[in-house]
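Reader: I am new to this structure. Please show it to me, and then let me ask about it.

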Amino acid sequence: MSSTALPVLVAGGGIGGLATALALVRQGFKVQVFEQAPEIGEIGAGIQLGPNAFHAFDALGVGDKTRGRAVYTDYMVMHDAIDEYQIGKIETGEAFRQRFGNPYAVIHRVDIHKSLLEGAVETGCVEFFTSTRIERIEQDETNKTVTAIDQNGNRWMGQALIGADGGKSVVRAQYVNDPPRVTGHVVYRAVIDKADFPEDLKWNAASLWVGPKCHLVHYPLRGGEQYNVVVTFHSRLQEQWGVTDGSKDEVESYFQGICPRARQLIDLPKSWRRWATADKEPIARWVYGRATILGDAAHPTTQYMAQGACMALEDAVTLGEALRVCHNDWDKALPLYENNRVVRTARIVLSGREMGRLYHAVGVERLVRNSLWKNRSQERFYDAVAWLYGWNVNNCLQQG
């Protein structure tokens with residue numbers, strides 16, 4: 001069988017995997033998606049979407065679906081969690097949309113996944129295999145094929161394989177096998193119904209309260225019927241990368257010094273999920289023969305830039321564009337994809353580390369942080385984020 005008659009294999013059925021499937025189908029490929037969970041679905045809470053994410057949704061053909069499920073914020077705001085001082089405010093209304101060509105929004109992770117899944121199913125060109133964990137990859141350089149072996153020993157042959165299998169990627173482990181960098185920062189997330197959320201915090205905004213070695217985030221979801229609440233702190237424990245159930249007592253013990261207005265956020269959830277976070281050092285090589293990595297598998301990052309899902313979406317679109325301009329020649333397209341993603345995603349990883357330090361500043365460093373954006377105009381704010389939000393399908397293959 002000619003390799004061109006084979007499907008493309010995608011390890012992982014999350015946001016990155018589904019976006020990849022859509023990008024590949026748009027270039028004429030059949031796709032098989034392998035998900036280790038019993039069903040194709042998503043967990044988690046809210047996430048933020050910059051204009052770059054909406055450019056990606058449009059390129060993947062699911063822009064309208066996603067827009068209908070998002071909440072469009074009026075601004076992003078950062079307050080000092082000790083004294084309520086407003087450090088900075090970026091308006092995300094009409095002027096922002098004019099500048100970047102798309103809105104800023106917040107959305108439940110499940111709703112993004114649903115939009116991508118609906119789009120993938122509607123193509124009729126994506127097969128899904130659940131309870132299937134890809135554990136090993138073999139390649140035949142002569143016949144230009146890739147074979148994925150799952151946990152049951154089943155062998156799946158394709159013309160290429162995309163590892164979109166998350167921060168603990170098996171595909172990355174086989175080809176790179178680099179250790180995680182556990183941050184010691186712990187994130188608690190919860191979703192609160194509107195009726196239970198404080199009236200004096202019901203802002204149509206992505207809102208951030210930064211404190212000493214901690215911060216809190218809140219914003220509306222699902223038409224304002226729910227609110228996302230996220231709190232982060234520097235753990236006293238030796239953390240292991242992973243997700244567990246949270247403890248309200250633990251959260252409360254880390255937020256003793258903050259103002260009452262912000263502190264009421266931690267009293268809201270009846271249950272929490274606890275993420276001990278990690279990232280990895282950026283790597284320059286993502287391509288190994290006919291296999292490559294994408295999303296968190298390629299550039300696992302902390303949450304401080306609010307760009308994890310957005311970068312996975314960009315990756316998928318860029319891979320599709322690389323295939324398009326290379327006429328579906330994998331040997332040319334994969335290096336082009338890599339060349340156009342490594343530096344940008346590394347910047348996100350490294351910027352996330354710096355933002356974590358900025359958010360959690362203590363002492364004089366906190367005072368310096370609070371002075372950084374004083375009297376800054378909206379246009380200057382927009383200039384500062386243009387490198388991030390100015391990405392779109394028309395410039396995704398340009399270096400720099």
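Reader: Is Asp383 buried, partly exposed or exposed?

Author: First, the ground rules: this is a predicted model, where local features need pLDDT of at least 70, side-chain atom pairs count only at pLDDT 80 or more, and totals for chains, interfaces and linings use all residues. Residues are numbered from 1 along each chain as its sequence is written, and side-chain values use heavy atoms, leaving out hydrogens and water. Buried means under 20% relative accessible area, exposed over 50%, and partly exposed in between (1.4 Å probe, protein chains only). Asp383 has a relative accessible area of 45%, so the label is partly exposed.

Reader: Which side chain meets Asp383 in a salt bridge?

Author: A salt bridge is a side-chain nitrogen of Lys or Arg within 4 Å of a carboxyl oxygen of Asp or Glu. Here the N to O distance is 2.9 Å, and the partner of Asp383 is Arg99.

Reader: How many residues apart are Asp383 and Arg99?

Author: Helices (H or I, at least four residues) and strands (E, at least two) are DSSP runs, numbered from the N terminus. Asp383 lies in helix 13 (residues 378-389) and Arg99 in helix 4 (residues 94-100). The pair links distant parts of the chain, and the separation is 284 residues.

Reader: Is Arg341 buried or exposed?

Author: Arg341 forms a salt bridge with Asp315 at 2.6 Å, N to O. Arg341 is in the loop between helix 10 and helix 11 (342-359) and Asp315 is in helix 9 (residues 308-325), so the pair ties together parts 26 residues apart in sequence. Asp315 has a relative accessible area of 0%. Arg341 has a relative accessible area of 0%, so Arg341 is buried.

Reader: In what order do the six strands of the open sheet run?

Author: Two strands pair if DSSP finds at least two bridges between them. The pairing in this sheet is mixed, and the order is 8-2-1-12-20-19.
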